[in-house]
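Hi,

Here is the structure we talked about. Please open it alongside this email, and my notes follow below.

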Amino acid sequence: MNVIYQMLSRYESQTNDEHLNALHEVMQQITLAGLYRGGFFDKAAFYGGTCLRIFYGLQRFSEDMDFSLLKQDNKFDLEHYFNPIIDEFKAHGKDIVITKKDKKTNANIKSAFLKDDTAIYNLKFRTERSVKIKIEVDINPPLGFSTEHKLLLLPFSFMPRCYSLSDLYAGKMHAFLFRSWKNRVKGRDWYDFEWYVRNNVALNFNHLHKRIVQSGSPEHEKLSQDKFKDLLKEKISQTNINMVKVDVNPFIKNHKEMSIWSTDYFIQLVDMIRFE
């Protein structure tokens with residue numbers, strides 16, 4: 001059996017969204033394999049929602065792939081790893097296109113787009129839509145994080161470097177508070193926040209604080225854990241929960257999970273945060 005079809009067969013996809021989400025995730029895993037073969041994880045670690053989904057069991061799909069260098073390197077060139085990714089897909093019978101994206105707003109982030117350049121057809125999975133994955137690498141990361149190597153068995157057995165859970169949690173809560181989406185709400189941050197609390201993960205507050213300071217929030221340089229909770233509650237109180245649900249909806253199968261979601265529910269979750 002073709003390895004890509006073998007990987008897709010693990011997903012019980014019933015809707016178009018589920019088919020597309022499964023294809024995205026298979027492509028993400030093949031991308032990780034290509035980066036691994038290229039030696040990328042000697043210099044960098046995987047983090048963000050996609051890392052949490054693939055390696056730690058988050059029950060929602062995720063679109064983009066976020067990475068962090070292990071230490072600052074302003075000369076880092078993401079394009080050096082394009083060919084290993086392209087070669088990995090070719091080995092499994094797929095052609096992809098990777099284009100570099102120049103970010104005008106944040107010089108510390110190197111970005112690229114990986115685009116599926118072929119259609120997949122078989123009895124169960126069929127897509128004629130373009131599948132595109134954004135890859136970002138933070139070349140000047142806030143430090144104070146730890147990593148671990150996590151196992152994937154397909155498309156072959158390999159162990160990419162990932163952020164530890166407590167540091168993934170810190171990155172997520174930084175995004176929860178400070179992500180700038182103008183009038184939009186990234187409800188996926190809220191879903192992940194609930195997951196961390198439910199799974200009793202300890203938040204690395206030291207790493208969170210480093211992220212806050214580096215992102216240019218001088219007023220929070222002496223932020224305490226209690227003040228952090230107050231800021232979370234303030235943001236929750238000012239957010240339309242229905243907008244949160246709408247954003248998450250395409251990325252999860254069990255929509256009943258959100259039936260309890262309310263302003264009061266998330267405020268109570270804040271009081272249950274455990275710090276490392």
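**What I found**

Asn200 counts as partly exposed, at 48% relative accessibility. On this scale, buried means under 20% relative accessible area, exposed means over 50%, and partly exposed is in between (1.4 Å probe, protein chains only). Asn200 sits in the loop between α6 (187–198) and β10 (202–203). Helices (H or I, at least four residues) and strands (E, at least two) are DSSP runs, numbered from the N terminus. The phi angle of Asn200 is near 55°, a positive value in a residue other than glycine.

Some ground rules. This is a predicted model, where local features need pLDDT of at least 70, side-chain atom pairs count only at pLDDT 80 or more, and totals for chains, interfaces and linings use all residues. Residues are numbered from 1 along each chain as its sequence is written, and side-chain values use heavy atoms, with hydrogens and water left out.

**Salt bridges**

How many salt bridges does a search of the whole structure find? It finds twelve. The term means a side-chain nitrogen of Lys or Arg within 4 Å of a carboxyl oxygen of Asp or Glu.

Start with Asp192 and Arg60. Their closest N and O atoms are 2.7 Å apart. Asp192 lies in helix α6 and Arg60 in the loop between α3 (49–56) and β2 (65–69), so this pair ties together parts that are 132 residues apart in sequence. Asp192 is buried, with a relative accessible area of 0%. Arg60 is buried as well, at 3%.

Next, Asp189 and Lys172. Their side chains meet in a salt bridge of 2.8 Å, N to O. Asp189 is in helix α6 and Lys172 in helix α5 (residues 165–178), and the pair links distant parts of the chain, 17 residues apart. Both Asp189 and Lys172 are buried.

Then Asp247 and Arg188. The closest N and O atoms of this salt bridge are 3.0 Å apart. Asp247 belongs to helix α9 (residues 241–248) and Arg188 to helix α6, so the bridge joins parts that are 59 residues apart in sequence. Asp247 and Arg188 are both buried.

There is also a network. Salt bridges link Arg60, Lys172, Arg179, Asp189 and Asp192.

**A helix pair**

Helices α8 (residues 225–237) and α10 (residues 263–271) pack at an angle of about 170°, with their axes 9 Å apart. The axes are lines fitted to C-alpha atoms, for helices over the stretch in contact, and angles run from 0 to 180 degrees between N-to-C directions. The two helices, α8 and α10, are therefore roughly antiparallel to each other. Angles over 145 degrees count as roughly antiparallel, under 35 as roughly parallel, 65 to 115 as roughly perpendicular and the rest as oblique.

Which residues meet? From α8 come Lys229, Leu232, Lys233, Ile236 and Ser237; from α10 come Thr263, Phe266, Ile267, Val270 and Asp271. Contact means heavy atoms within 4.5 Å.

**Buried positions**

Ile212 is found in helix α7 (residues 205–214). Ile212 is buried, with a relative accessible area of 0%. Not counting residues up to four places away in sequence, Ile212 touches His174, Phe178, Ser217, His220 and Leu223.

Glu136 is in strand β7 (residues 132–138). Glu136 is buried too, with a relative accessible area of 14%. The C-alpha atoms of Glu136 and Ser111 are separated by 4.4 Å, although the residues are 25 apart along the chain. Ile212 and Glu136 are 19 Å apart in space, C-alpha to C-alpha, and 76 residues apart in sequence.

Met27 lies in helix α2 (residues 16–37). Met27 counts as buried, at 1% relative accessibility.

**The loop between β8 and β9**

Leu151 lies in the loop between β8 (147–149) and β9 (161–163). Leu151 is partly exposed, with a relative accessible area of 48%. Pro155 lies in the loop between β8 and β9. The peptide bond from Leu154 to Pro155 is cis, with omega near 10°.

Best wishes
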